[in-house]
Amino acid sequence: IKAKQVSVNGILAYDGGQKIFPFTDEITVQGNTVIYKEYIYVLLNKPQGVLSATKDTNTPTVIDLLPAEFQHFKPFPVGRLDKDTEGLLLLTNDGQLAHQLLAPRNHVPKTYYAKVEGLVTTKDITSFEEGVILDDGYQTLPAKLSILQAGPSSEVELTIYEGKFHQVKRMFLVLGKTVTFLQRIAMGPLTLDPSLKPGMYRELSETEVKMLQEYPSKGK
């Protein structure tokens, strides 16, 4: 403003305390129009080795992967993926949307692709459908398991409707198998963008945001 580089509706601004209407007034800085938005919605393909947290003194976090202009909005991860798990992670500063997607009562589905050490069989499919009793005695909600490739090392796709600590790995461990690779490929109506390599991100489209906002009520 002191350098006379800010204009409001074509008139130079001289007072930093000037009141404006963000959705109707045109603000320009150095001739570039400033687009106001309250919330940010970022689809990230989380890579392995990165924490689903806003900050950490020892390990890089998903927020560290974002540029400064995104970090300015103070986004946070909606839910979490384990450090060694990769795939779809939504980052936003929209607390209401995050609450809707994470509320246990909404049972928002989360779909994963996994590589498993051990032969996955139709018996395992039935166990997932009935709910697996974990090592601490908790019985998971019914989950959907599909076998993509069966063998000493199997490949599967599975959908769960909750997010207990290390849930997918613990479910298979109870069945005598070990998950060696885990990637989240969908959350509710949102799917992982195949053009995003691990560590890459993009903002959601207006259509995707609307789908997320409407999904919890339609998904019941």
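This is a tour of a predicted model, moving from the whole chain to one strand and then to one residue.

Before selecting anything, note that residues are numbered from 1 along each chain as its sequence is written. Because the model is predicted, local features need pLDDT of at least 70 and side-chain atom pairs count only at pLDDT 80 or more, while totals for chains, interfaces and linings use all residues, and side-chain values use heavy atoms, with hydrogens and water left out.

**Whole chain.** Display the protein chain as a cartoon, where 5 helices and 13 strands can be found; helices (H or I, at least four residues) and strands (E, at least two) are DSSP runs, numbered from the N terminus. The C-alpha trace spans about 70 × 35 × 30 Å along its principal axes, and the radius of gyration of the chain is 22 Å, whereas a compact globule of 220 residues would have one near 17 Å (taken over C-alpha atoms, with the globule rule being 2.2 Å times the number of residues to the power 0.38). Colouring by burial shows that 43% of the 220 residues are buried, where buried means under 20% relative accessible area, exposed over 50%, and partly exposed in between, with a 1.4 Å probe and protein chains only. Among contacts with a separation of 6 or more, 62% are between residues 24 or more positions apart, a contact being heavy atoms within 4.5 Å.

**Strand β5.** Next select residues 41–46, which form strand β5; 6 of its 6 residues are buried, so this strand is largely enclosed by the rest of the structure. With side chains shown, Y41, L43 and N45 point one way, V42, L44 and K46 point the other way, and all are buried.

Strand β7 (residues 86–92) pairs with β5 in the antiparallel sense over 6 bridges, and within β7 the residue opposite K46 is G87. Strand β13 (residues 201–203) also runs antiparallel to β5, joined to it by 3 bridges, and here V42 has E203 as its bridge partner.

**Residue L148.** Finally, move to strand β9 (residues 144–149) and select L148, which is partly exposed, with a relative accessible area of 48%. Leaving aside residues up to four places away in sequence, L148 touches Y113, E155, V156 and E157. Which distance separates L148 from Y138, C-alpha to C-alpha? A distance of 27 Å lies between these two residues, which are 10 residues apart in sequence.

How values were computed
Two strands pair if DSSP finds at least two bridges between them.
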